[in-house]
Amino acid sequence: GELPGSLKPLLKADAPEINFATASFGQGVAVTPLQVLQAIAAIANGGNLMHPYLDADTKPQAVRRVMSEDTAKKVAAMMVSAVDEAKITTIEGYSVAGKTGTAQVPDFRHGGYTENVIDTYTGFVPASNPRFIVLIKLNEPAGAPHAAETVVPAFRELAQYLINYFQVPPDRIPMQ
């Protein structure tokens with residue numbers, strides 16, 4: 001029952017170059033939360049696109065390779081570096097790979113975009129041997145227009161809970 005995403009502005013033979021420039025930061029294209037999860041999970045899974053599932057008794061199934069293992073490792077390392085630099089999502093003893101998203105809400109009546117946003121944060125822990133991936137999404141959050149102020153702290157709390165619940169061993173030795 002999932003709706004398809006849309007890359008229509010990029011598929012036209014005479015598509016203006018501006019469509020590709022704005023698509024690089026998410027404008028003019030649409031993806032579903034499940035598609036975002038699958039994309040980030042492909043990075044976590046060494047470049048393999050996996051069939052999504054919710055039942056813990058289901059055995060993981062690879063759909064196909066979508067990037068090289070080397071590329072997936074490099075992108076995951078960039079995601080970990082971004083988390084380490086921002087410090088908002090860091091969890092002591094764990095490498096956390098994450099990515100924020102702040103999307104403007106389209107104005108379907110007048111064209112362009114409204115002042116409202118959709119905040120997302122997607123990440124996996126531990127980055128060296130992922131045990132789980134989480135996406136948190138807030139539609140039009142009040143008072144805090146940036147993902148770093150809304151969904152990032154929520155991700156950190158949920159990730160910490162999952163680490164404790166599943167007794168995930170740390171992958172970083174804390175420096176003393």
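Author: A residue is called buried when its relative accessible area is under 20%, exposed when it is over 50%, and partly exposed in between, using a 1.4 Å probe and protein chains only. This is a predicted model, in which local features need pLDDT of at least 70, side-chain atom pairs count only at pLDDT 80 or more, and totals for chains, interfaces and linings use all residues. Residues are numbered from 1 along each chain as its sequence is written, and side-chain values use heavy atoms, with hydrogens and water left out.

Reader: Is Gly28 buried, exposed or partly exposed?

Author: Gly28 sits in the loop between α2 (17-23) and α3 (33-44), where helices (H or I, at least four residues) and strands (E, at least two) are DSSP runs numbered from the N terminus. Because its relative accessible area is 36%, Gly28 counts as partly exposed.

Reader: Which residues does Gly28 touch, not counting residues up to four places away in sequence?

Author: A contact means heavy atoms within 4.5 Å. With residues up to four places away in sequence left out, Gly28 touches Pro9 and Tyr113.

Reader: How far apart in space are Gly28 and Gln167, C-alpha to C-alpha?

Author: In sequence, Gly28 and Gln167 are 139 residues apart. In space, taken from C-alpha to C-alpha, the distance between Gly28 and Gln167 is 41 Å.

Reader: In what order do the elements of the protein chain run from the N terminus on?

Author: The protein chain holds five helices and five strands. Read from the N terminus on, the order of these elements is α-α-α-β-β-α-β-β-β-α.
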